[in-house]
Amino acid sequence: MASHLLSRVPPTSTTISFSSSSSLSNNLPWPSRRPSSTTFLINPRRKISTVQAKIREIFMPALSSTMTEGKIVSWVKSEGDVLSKGESVVVVESDKADMDVETFYDGILAAIVVGEGETAPVGAPIGLLAETEDEIAEAKAQASSKTASPSPPPVPSPSPPVAEAPLPVKVVSAPIPDGPRKIVATPYAKKLAKQHKIDIGSVIGTGPLGRITPSDVEAAAGISPSESSINNLGSGNVAAAAIAAAPVPAKAATPASPLPLIPGSTVVPFTTMQAAVSKNMVESLSVPTFCVGYPVNTDALDALYEKVKPKGVTMTALLAKAAAMALAQHPVVNASCKDGKSFRYNSSINIAVAVAINGGLITPVLQDADKLDLYLLSQRWKELVEKARAKQLQPHEYNSGTFTLSNLGMFGVDKFDAILPPGQGAIMAVGASKPTVVADRDGFFSVKSKMLVFCIILFEIHLSSFTIAITRAAYKGYFVYSFILATTTLFSMMGLVSDLKNVSVTLLVETGDQVNVTADHRIVYGADLAAFLQTFSKIVENPDSLTL
Amino acid sequence: MGLKTAIIEGDVVGGTCVNRGCVPSKALLAVSGRMRELQSEHHLKALGLQVAAAGYDRQGVADHANNLASKIRNNLTNSMKAIGVDILTGVGTILGPQKVKYGKVGFSDNVITAKDIIIATGSVPFVPKGIEIDGKTVITSDHALKLEFVPDWIAIVGSGYIGLEFSDVYTALGSEVTFVEALDQLMPGFDPEIGKLAQRVLINPRKIDYHTGVFASKITPAKDGKPVTIELIDAKTKEPKDTLEVDAALIATGRAPFTKGLGLENINVATQRGFVPVDERMRVIDADGNLVPHLYCIGDANGKMMLAHAASAQGISVIEHVCGKDHVLNHLSIPAACFTHPEISMVGLTEPQAREKAKKEGFEISLAKTSFKANTKALAENEGEGLAKLIYRPDNGEILGVHIFGLHAADLIHEASNAIALGTRIQDIKFAVHAHPTLSEVLDELFKSAKVSASVSSQISEPVAV
């Protein structure tokens, strides 16, 4: 193992961002079975791409080949301490023993991201090292934004794009006594506040005598109570509760569920990932969205795909690149509206692509997709998918998307509407390309390969009618489409009839794909979206620009 | 031994241990241990189990503890009667050498004489001044063991093994706990390394927070809708630091010897902070430094080692002496245990104590440590969290101290305490075989990994060839 460390060529700066923690575990020598006097080096060579490369992350090292997460036993150094290369910084507990971990770089311990007693998955940043004092403040800011997402659960399953900052405090209607009062919070409430970075002073207490209870903190953090409450069932109810609870293997301790259970049904509670997906989808209900479809001719794209497939390029990469290039010309579609009052234009175009993994859904992000060439993009994509399947994605690899791409074409789906993930401006839903008969202006039929970026112009804001609107519009769309078809058929037939001698019916069969984009109407307007789709379709239909 | 014996019992047979201590507390801890297991969803899931939400009936739990205490009390009474012990009820007072009077309050006293008298009046919970006990919201362990109610938030004053055990019980039953500790470190009596690990496992992940270095200068019980208020002052500067508002407070600041009304002044014995002064053979020493003949004091009342089994051992030592055989109890071989989940146990010296002794007497000490994560049985139970530590002399293999934190620690310590009691050296014990897979292999690991320069001493018994 040691030879790996020595002979490995340090990656170039462009590839650093690809080969981060997945290779980290291979770099570390297997520690010998000695008690805590054993030390070894961690190599925080990953540089954060968006910040000047003076702040380094200290990673949770893999202390054994079986370790997936580690617990910080204690920080040997505190924030603000000067570190020199080779000094012990932190003591980490692995599945086998406690180890001293040294720093590979000189610098100042700017911020402790994972505190004592807390756990982090292998490869996750546990601290930030600043080169000079100036970067300390920057590192601290970075640490607080990074750790705003909930701390990793015992089973390291990364959560899909979740709001980076805690949601604003929900005002609970409880009587607040006048005048300044002491903050009284229960021990668990304080722990939760610390864990979710909530200022305990800002939480309103609803417990006895205005005490801040854990559920108040959970409400302020916007998380649902994860623990089932311990039931003090009172005398006589013990047996009844046990019998009632036995046939239903439910985790939550609700004494009476509101809906009757259909016999034979089983209740399986959400995993953390599924809970996060559910939460995001519910959050999306508060955003006014609309959907624009577009038919896109994919003949040229398919031809290009055949050419570059042997080189490892996937359709996902092609579509992502095309979308990124189109977004470069229409920055408003790459923006987001986080507070309901302003446009937040993003400087990078990060295409998140939805991937179904075992029992869940995650959106690894291809960062700066417009700037990377197709081959690099494909390689990066492959790595991201592997990491996603191994549940090794870092938070910034799944929550930094500015635009999402969702492809169900491989199932044969022709068109669908995707739900806009919170924090983004638009999401593109791509269906399968299929041979389509297309009538052109002259009344000639041709079946073009159309990626039907389907046009459903819906200015629906009320979500209860969202689905209804889709179907209604969809119906309308088909109706429109078929109407067009019908009229052109009619006209061409008429044309045919009137011009019997010059009839030449050329039936061109082309392949077409359906592409639907759902966007946040607070910032993206109909014309913006349509223009974007037009650009996108032009890029796809002239795909040589993709290989540039 | 064939001695005619009588017991003067002022309250209930069994005393503190059976009625207000060991027995009911272990009953409650058994419940809390089970509750914790059933609630730990991810722990069960790792084993492939799924349990519907566990609940408890407070009265049922309290009854389990009370019934157990009654059962043991009755068993004890019957055993004593069966072997011919006279049980005399009443409060006993020493009138003079070999003369005791006893009697129930309001009744006339009886005076009896005996060849030897043993004082074993035990102790009561110590309540520092300023703390008002109302038995409902501000309680001691006596009240807590009855489990009359489970508060949402309880402050436990004192983080020794009693406070720690109660925090285990209350948090398992759904309460939140705040420790108030006068010293700067929680769990001051334990070996510091074990204490640190114990804090990581028993305190940090649970709904417990703490204030150290503070005294609770004043505690007012809950009244008229107001919560229990605890005023905290800095332990050193005595400046007011904070005020806690909680639903209940448990005072676990130690136990005070119960020696009032014993009539010790009649024989010129002066108590020291309430404790009866004794020598290493448990003989009572009077105010002039002379041994009082035929008078012994064992257990909490003498303050040497306030543990039930220490008292028993001291009692046995006294009887040996009474029967003419000299016996001096080696207190360093008496193990102690704390029945939290996971358990903590120890025998001998802590690391700082060992180092101090080593410095004073000029020898080296070494440490051997092993984690329960290396033990097959512990991992099979998915209870790999634990540490065992051996402090020994590498020159002659003497065991100075063993500390265990982990599953069944309280049962595992006896191998070590036996070794210390018999003077067994590491180089001999390391050849003993332990069944596999069992938790006892944790100790086997310790003995086998210790490096002793002395060679194996001569065989104690002839080996049996099979």
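1. Chain A has 13 helices and 21 strands, where helices (H or I, at least four residues) and strands (E, at least two) are DSSP runs numbered from the N terminus. The model is predicted: local features need pLDDT of at least 70, side-chain atom pairs count only at pLDDT 80 or more, and totals for chains, interfaces and linings use all residues. Residues are numbered from 1 along each chain as its sequence is written, chains are lettered from A and ligands numbered from 1 in the order in which they are written, and side-chain values use heavy atoms, with hydrogens and water left out.

2. Of the 548 residues in chain A, 44% are buried; buried means under 20% relative accessible area, exposed over 50%, and partly exposed in between (1.4 Å probe, protein chains only). The accessible surface of chain A is about 27400 Å², and carbon and sulfur atoms account for 61% of that surface. These areas come from the Shrake-Rupley method with a 1.4 Å probe, and for residues only the protein chains shown count as cover.

3. Contacts (heavy atoms within 4.5 Å) in chain A were also sorted by separation. Among those between residues at least 6 apart in sequence, 68% join residues at least 24 apart.

4. UniProt, in an unreviewed entry, places the feature "domain: Peripheral subunit-binding (PSBD)" at residues 184-221 of chain A. UniProt positions are given in the numbering used here, feature names are shortened, and annotations may be inferred rather than shown by experiment. In the model, residues 184-221 of chain A are 45% helix and 0% strand, with the end C-alpha atoms 18 Å apart.

5. In chain B, strands β4 (residues 91-96) and β5 (residues 99-103) run antiparallel and are joined by 5 bridges; two strands pair if DSSP finds at least two bridges between them. Gly92(B) stands opposite Tyr102(B) in β5(B). The hairpin of β4(B) and β5(B) has 2 residues between the strands, and Gln98(B) in the turn has a positive phi of about 60 degrees.

6. β5(B) also runs antiparallel to strand β6 (residues 110-113) of chain B, with 4 bridges joining them. Here Lys101(B) stands opposite Val111(B) in β6(B). This hairpin has 6 residues between the strands, and Gly106(B) takes a positive phi near 90 degrees.

7. An open sheet of 3 strands in chain B has the order β13-β14-β15, with antiparallel pairing. β13 (214-220) and β15 (240-246) of chain B are at the edges with a single partner strand each, so one side of each is left without a neighbour in the sheet. The twist averages 25 degrees from one strand to the next; axes are lines fitted to C-alpha atoms, for helices over the stretch in contact, and angles run from 0 to 180 degrees between N-to-C directions. β13(B) is joined to β14 (residues 228-234) of chain B by 6 bridges, and Ala216(B) stands opposite Leu232(B) in β14(B).

8. An open sheet of 5 strands in chain B has the order β20-β21-β24-β23-β22, again with antiparallel pairing. At its edges stand β20 (336-338) and β22 (366-371) of chain B, each with a single partner strand. The twist averages 10 degrees from one strand to the next. Helix α7 (residues 192-203) of chain B packs on the sheet, touching β21 (343-348), β22, β23 and β24 of chain B, and its direction makes about 5 degrees with that of β24(B).

9. With a disulfide taken as a pair of cysteine sulfur atoms within 2.5 Å, the count over all chains is 0. Cys291(A) counts as buried at 3% relative accessibility, and Cys338(B) counts as buried at 1%.
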